[in-house]
Amino acid sequence: MKKHFSSSERNKHVICNALKQILNPNKNYSAIEVASGYGQHVLLFAKEFPQVTWHPTEVNKESLKALTEYMDGERSSNIKPPVVLDASWGPSRWKESLPLDTCDFMININMIHISPFKATEGLFSGAASILKTDGFLLTYGPYANNGVISPESNVKFHQWLQNECSEWGLRDICQLETLAHNNNMLLEKTIDMPANNKILLFRKVSA
């Protein structure tokens, strides 16, 4: 039986549907997924978006091994072999690790709240160094907004994360907007998603 994250199974189709409202079906894209896990998202996205060449990445060795095996089994022509990428690395190491110099968009699902903040900082600086001008970074997960976490289920989830690791927890959208601004990106769109999650789309506005 394939390894999987139950949250990925629950959210992959709704994220896919949101992407259909963003991507042009007649345009070819190159995309990087940061923190691909076991590949549940990228395997679905590759089928639904054949005009996109997908580049999965992962830092966890167990996940990377499983991800590589699943990719080999699928033999999808528009998914490139997974590579090791630690989101907290600096931009120069991102470029050393990735098989492409630029990409049209980047996706990061359910990582920001369950990793140290330096991973989020690295995500934005790495995206700024790799994305083409007018490219975008799409993040998905639960967030605080203007210092407020809601509803109560997200408050409890944040507390659970903090108990698991003091460096984890829901990040504030305002904090992410500041990171984006410091890396030549702007928050262009916020999409409410099921289970009190959101999609945030950050657009790169200059080189």
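Which residues does Leu 201 touch, not counting residues up to four places away in sequence? I looked this up first. Leu 201 touches Ile 22, Phe 136, Leu 137, Leu 186, Leu 187, Glu 188 and Lys 189. Contact here means heavy atoms within 4.5 Å.

**Ground rules.** I am working on a predicted model, where local features need pLDDT of at least 70, side-chain atom pairs count only at pLDDT 80 or more, and totals for chains, interfaces and linings use all residues. Residues are numbered from 1 along each chain as its sequence is written, and side-chain values use heavy atoms, with hydrogens and water left out.

**Leu 201, continued.** I placed Leu 201 in strand 7. Helices (H or I, at least four residues) and strands (E, at least two) are DSSP runs, numbered from the N terminus. Leu 201 has a relative accessible area of 1%, so I noted it as buried. My cut-offs are under 20% relative accessible area for buried, over 50% for exposed, and partly exposed in between, with a 1.4 Å probe and protein chains only. I also checked Thr 190: it is eleven residues from Leu 201 in sequence and 6.5 Å away in space, C-alpha to C-alpha.

I traced seven strands in an open sheet, in the order 3-2-1-4-5-7-6, with mixed pairing. Two strands pair if DSSP finds at least two bridges between them. Strand 3 (83–84) and strand 6 (185–193) are at the edges with a single partner strand each, so one side of each has no neighbour in the sheet.

I then looked at strand 1. Its pairing with strand 4 (residues 103–109) is parallel, over four bridges. Glu 33 stands opposite Ile 107 in strand 4. With strand 2, strand 1 pairs in the parallel sense over five bridges. In strand 2, Trp 54 is the bridge partner of Ala 31, and His 55 is the bridge partner of Ile 32.

Is strand 1 mostly covered or mostly uncovered? Mostly covered: six of its six residues are buried. In a regular strand the side chains alternate between the two faces of the sheet. I found Tyr 29, Ala 31 and Glu 33 pointing one way, and Ser 30, Ile 32 and Val 34 the other way, all buried. In strand 2, six of the seven residues are buried, so the rest of the structure largely encloses it.

**Helices on the sheet.** I checked two. Helix 2 lies across strand 1, strand 2 (52–58) and strand 4, and runs at about 175° to strand 2. Helix 5 lies across strand 1, strand 4, strand 5 (131–141), strand 6 and strand 7 (197–204), at about 150° to strand 5. Axes are lines fitted to C-alpha atoms, for helices over the stretch in contact, and angles run from 0 to 180 degrees between N-to-C directions.

Thr 120 lies in helix 5. I logged Thr 120 as buried, at 0% relative accessibility. Setting aside residues up to four places away in sequence, Thr 120 touches Met 111, Ile 112, Leu 176 and Leu 179.

**The largest pocket.** I next looked at the lining. How many residues line the largest pocket? There are 42, of which Ile 109, Asn 110, Met 111, His 113 and Ile 114 lie nearest its centre. The elements giving two or more residues to this lining include helix 3 (61–74) and helix 6 (152–164). Helix 1 gives the largest share, five residues. A pocket is an open set of points on a 1 Å grid over the protein atoms alone, where a 1.4 Å probe fits, with protein on both sides within 12 Å along at least five of seven lines; lining residues have an atom within 4 Å of a point.

His 113 sits in the loop between strand 4 and helix 5. I noted His 113 as buried, at 5% relative accessibility. Beyond its neighbours within four places in sequence, His 113 contacts Pro 142, Phe 157, Leu 161, Trp 168, Gly 169 and Leu 170.

Most residues other than glycine have a negative phi, and most peptide bonds are trans. I flagged Asn 110, with a positive phi near 55°. Asn 110 lies in the loop between strand 4 and helix 5, and is partly exposed at 22% relative accessible area. Asn 146 also has a positive phi, about 55°. I found Asn 146 in the loop between strand 5 and helix 6, exposed at 59% relative accessibility. A cis peptide bond joins Ser 150 and Pro 151, with omega about -5°. Pro 151 is in the loop between strand 5 and helix 6.
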